[in-house]
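Please look over the sequence and the structure below, and then read the briefing that follows.

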Amino acid sequence: MQQLQIGNSNFLSTSGSDATKCYHGFKEMDNMCIDFVSAFTDAVHEASKRGKNNSQSLVEAKNATMDKFEDVWYDFANMEIVMSYYLCHGTESILEGNYGYAHECAVFARYMEQWTAVYLDMTQAITNWSKVETMSADSHTRVKFLRKRIPCKCLNKKYDEIKTIPKMGSCFNPQCPNGRVERNKTMYCSRCRIITYCSRECHKANWARHKQDCDKCATLIAEFEAKKQS
């Protein structure tokens, strides 16, 4: 899987106070959320420098920031503000042509959206890592993701330019010779339905490695579905 690229944006970072600019729905963050964004981003970068892939870097950063920023991780309003920050910066970075930072912001926003769904909204049992990973797949997917989540039309022109680019998906078999294939050709693991493969052969080849995580995920999903029915 692709590692996150370390990037920076020159866009105003913590306050949407200039009436001449579009901030793509972002308004302002308090000091706690500012410190959280800085700490989380730095932690992801450090993990990425050590060779961790996207999911490993994100989980390490979450664990590294949880104790100090529990009031952000488990507060819906704060998570909305942080996601809005990343959506804003991802959008502006695309408009500036800073695609590395746009990729990073889209991955962060997608991961926090998944976190919110699991732990705050409680609308799903586990993080769908294939959805997080698609943010690294292609510009079509990233622009569409950001465009659907901002209240302005700032990405409409860019979307029209790239919407014919094929959407790509990831094969979670580390030994896969392809790595990425067109998304409509990928297949989910039939038990956990959170990771994808390019073929049955790759699914089978990765089963010994994936089985333990798959068993845990399948159990959590079953428990989640049982609670919904009770």
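Predicted model: local features only at pLDDT ≥ 70, side-chain atom pairs only at ≥ 80, totals over all residues.

Residues are numbered from 1 along each chain as its sequence is written, and side-chain values use heavy atoms, with hydrogens and water left out.

**Helix α4**
- The 21 residues of α4 (residues 76-96) should span 30 Å at 1.5 Å a residue, and the end C-alpha atoms are 30 Å apart, which agrees; the expected span is 1.5 Å times one less than the number of residues.
- Of these 21 residues, 15 are buried, where buried means under 20% relative accessible area with a 1.4 Å probe, protein chains only.
- At the start of α4, a side-chain oxygen of D75 comes to within 3.2 Å of the backbone nitrogen of A77.

**Helices α1 and α4**
- The axes of α1 (residues 31-49) and α4, which are lines fitted to C-alpha atoms over the stretch in contact, come within 10 Å and cross at roughly 60°.
- The contact (heavy atoms within 4.5 Å) is made by M32, C33, F36, V37, F40 and T41 of α1 together with N78, V82, Y85 and Y86 of α4.

**Helix α7**
- Among the buried residues of α7 (residues 139-149) are H140, R142 and F145, and the buried residues of this helix pack against α4, α5 (99-120) and α8 (156-162).
- D138 caps the N-terminal end of α7, with a side-chain oxygen 3.1 Å from the backbone nitrogen of H140.

Note on methods:
Helix = DSSP H or I, 4+ residues; strand = E, 2+ residues; numbered from the N terminus. Buried < 20%, exposed > 50% of the residue type's maximum accessible area, 1.4 Å probe, protein only. Polar contact = N/O pair within 3.5 Å; in protein donor to acceptor, adjacent residues only side chain to side chain. Axes fitted to C-alpha atoms, helices over the stretch in contact; angles between N-to-C directions.
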